Amino acid sequence: MKLIKPSVEAITDSTEGLDQYTFRFVCGRGVSRKLTEHCRCSFAQGSTHQYILPGKDLEFIEPWWWDKWGTQEREAYKKALSILEAVYHTYPQAAQADIPNALKTEVVVTADRAEWQRIHKLHSH
């Protein structure tokens, strides 16, 4: 089990006068679902099958409150994810039904400037 930080990477700027921008998000499954709610975008998302492979550590995204937790809470969280990982490697058919939203996924999103502004406005609190 491995915990990683979420990230965003700009892949392209506006190309060929199309005013479209592409970003790669490394995030948890829960965040990826929020991203893919937007219908005026183009999406490519990694399959969870590629993240749940025999003998490969599962990667989970650190929750945003990670730095606010003490050592005891962090260890309990990591233990819970390690138990889930062991179950998934023992019973892979069960993995798809019970994958936690913290499982790492990658989403590539392309949209025009107006749509990115709308997304930012919707998700900036």
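**Sheet, core and aromatic pairs**

Strands β4 and β6 are paired in the antiparallel sense over 4 bridges, with strands (E, at least two residues) and helices (H or I, at least four) being DSSP runs numbered from the N terminus; two strands pair if DSSP finds at least two bridges between them. The model is predicted, so local features need pLDDT of at least 70 and side-chain atom pairs count only at pLDDT 80 or more, whereas totals for chains, interfaces and linings use all residues. Residues are numbered from 1 along each chain as its sequence is written, and side-chain values use heavy atoms, with hydrogens and water left out.

Within this β4–β6 pairing, Val107 of β6 is the bridge partner of Gln45. The open sheet has 4 strands in the order β2-β3-β6-β4, with antiparallel pairing. Because β2 (7–12) and β4 (42–45) stand at the edges with a single partner strand each, one side of each has no neighbour in the sheet. From one strand to the next, the twist averages 20°. Helix α4 packs on the sheet and touches β3 and β6, its direction making about 130° with that of β6; contact means heavy atoms within 4.5 Å, and the axes are lines fitted to C-alpha atoms, for helices over the stretch in contact, with angles from 0 to 180 degrees between N-to-C directions.

The largest nonpolar core has 10 residues, among them Tyr21, Phe25, Cys27, Cys41, Val107 and Trp116. Such a core is a set of buried Ala, Val, Leu, Ile, Met, Phe, Trp, Tyr and Cys residues joined through side-chain atoms within 4.5 Å; buried means under 20% relative accessible area, exposed over 50%, and partly exposed in between (1.4 Å probe, protein chains only). β3, β6 (104–112) and α4 each supply at least two residues of this core. A second, separate core of 9 residues includes Leu58, Trp66, Leu81 and Leu103. Cys27 is buried at 5% relative accessible area, as is Cys41 at 14%. The disulfide count is 0, a disulfide being a pair of cysteine sulfur atoms within 2.5 Å.

Aromatic pairs number 7, where rings of Phe, Tyr and Trp (its six-membered ring) pair if their centres lie within 6.5 Å, with planes under 30 degrees apart stacked, over 60 edge-to-face and the rest tilted. Phe23 and Trp116 form an edge-to-face pair, because their ring centres are 5.0 Å apart and their planes at 80°. Since Phe23 lies in β3 (residues 20–28) and Trp116 in α4 (residues 113–123), this pair ties together parts 93 residues apart in sequence. Phe23 is partly exposed at 24%, whereas Trp116 is buried at 14%.
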